[in-house]
Amino acid sequence: MRLAVPIALVCAVFTLWVYVPAAGAAAPLLPDLTQETPYDLGVVTDGKRHHLGFASVVYNYGDGPLRILGARASQDDPTMTADQVIDQDDGTHLRKPGIGELRYVDSITHRHWHYLKFDTYSLRRPDGSLARPDLKTGFCLGDRLTAPNRGPLPGRPPFGEFGSNCGYDSPELLSMEEGISVGFGDDYGPQLEGQFVDLTRLPAGRYVLVHRVNADGALEEKTVANNASSVLIDLRYRRGVPRVTQVARCPLSATCPVAPALPRGRATRFAREAFARAFRSSASGLSCSEPVNGVATCSGTASGAAATVEIRYAVAGGRLFWTYVAAAGGKTKRGRVGVNLGRKTSVPVERQASFPPRGTARARLAYCPLIGRG
Ligand SMILES: [Ca+2]
């Protein structure tokens, strides 16, 4: 674990926390932030500009709470320096300093302290390159909803420890605590401030909407393997207005679609079809070995000679295929077959007269109907 033990950085303002050396016998109770798949997608358009909105939620399925403590020396400093405070199983705490900043946001719809860059949203091309960036500025973390039951959570308190007003209407504060208790989550509805990406002038095609928590790895947690989830969309235009279809959902993956496991039986079925496609004839006795690293090698006979077929899944351009390399009679043929990704969902489109200019209080009002949220 990369925890520092900043004895010299103990802040006299906070007498609640006890600092102990990391080498002690106590075990840290780390949070585990889990990024859920983006949901409630919707397009808002005025005919010229188009925003793809979405809801997001992060749960804590760890052993201890995510506890973020911000502090500043005086009100002259516009930001608080944020530390992560980690509970330990003996009741003491560790502190990881400098994990980010808290900034007070004062607008029509926001009057509280935001932890910056907790969660990031991006729209990416199927090759992973960035198509549209994150527009979110910060998060007011809190225990806003109960996490779905996915197994024992010994650290789950009966009630959430953290509120969700984040120092509402209190710009004078010198310290601020935010966080997410074990077994609770922090959610944000679509089209709130920064809960969208800008589709304007984006070419038609397939894109992956990726939500990733703790993207910079500043927060200590049990694992980062569950920190990203994504949705594959298909973007088209009709009379200049986007038509977005949700093609696939990919929990716990930053890429979408994801190639599924290739069972031996399915590989054998694909191999028979592949041979028929390649040579317009059937191979007899065709059977496949157990796939290794996603590749199945299959063999049989055709017209009394050896026939082989290699099968694997492949993802290209936001589409899922199974591919083959078939060989018989001294000839080798390659091909790929598209896989239906299942039910597609049309993303609703809402029209509005116009978008207010960016950066104005009125613009924030359009996307942030709830004071005290976001
Ligand atoms: Ca995690």
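## Nonpolar cores

A nonpolar core is here a set of buried Ala, Val, Leu, Ile, Met, Phe, Trp, Tyr and Cys residues joined through C-beta atoms within 7 Å. The model to which this is applied is a predicted one. Its largest nonpolar core has 31 residues, and those with the most contacts inside this core are Ile68, Ala82, Leu102, Tyr115 and Leu141. Six strands each supply at least two residues of the core: β3 (50-60), β4 (66-71), β5 (79-87), β6 (93-106), β7 (111-115) and β11 (175-180).

Leaving aside residues up to four places away in sequence, Leu102 touches Gly70, Thr79, Met80, Ala82, Trp113, His114, Tyr115 and Met176. Another core, of 25 residues, lies apart from the largest one; Phe54, Val197, Leu209 and Val244 are among its members. In soluble globular proteins, nonpolar side chains tend to be buried together.

## A six-stranded open sheet

Six strands form an open sheet in the order β9-β8-β14-β15-β16-β22, and the pairing is antiparallel. The edges are held by β9 (130-132) and β22; each has a single partner strand, so one side of each is left without a neighbour in the sheet.

Strand β15 (residues 228-238) runs antiparallel to strand β16 (residues 241-250), and nine bridges join the two. Within this pairing, Leu232 has Ala248 of β16 as its bridge partner, and Ile233 stands opposite Gln246 in β16. In a regular strand the side chains alternate between the two faces of the sheet. The hairpin has two residues between its strands, and Arg239 takes a positive phi near 55 degrees there.

Strand β16 is also joined to β22 (residues 345-346), by two bridges in an antiparallel arrangement. Here Thr245 stands opposite Ser346 of β22.

## Confidence

The mean pLDDT of the protein is 89, with 88% of its residues reaching 70 or more. Two stretches call for caution. Over residues 1-21 the pLDDT stays under 50, and the model has 32 contacts beyond four places in sequence for this stretch. Residues 360-374 also have pLDDT below 50, with 31 contacts in the model beyond near neighbours in sequence. Where pLDDT is low, the predicted coordinates should not be read in detail.

Key. Residues are numbered from 1 along each chain as its sequence is written. This is a predicted model: local features need pLDDT of at least 70, side-chain atom pairs count only at pLDDT 80 or more; totals for chains, interfaces and linings use all residues. Two strands pair if DSSP finds at least two bridges between them. Helices (H or I, at least four residues) and strands (E, at least two) are DSSP runs, numbered from the N terminus. A residue is buried if 20 or more other C-beta atoms lie within 10 Å of its own, exposed if 12 or fewer, and partly exposed in between; C-beta atoms are placed from the backbone. Two residues are in contact if their C-beta atoms, placed from the backbone, lie within 7 Å. pLDDT is the predictor's confidence in each residue, from 0 to 100.
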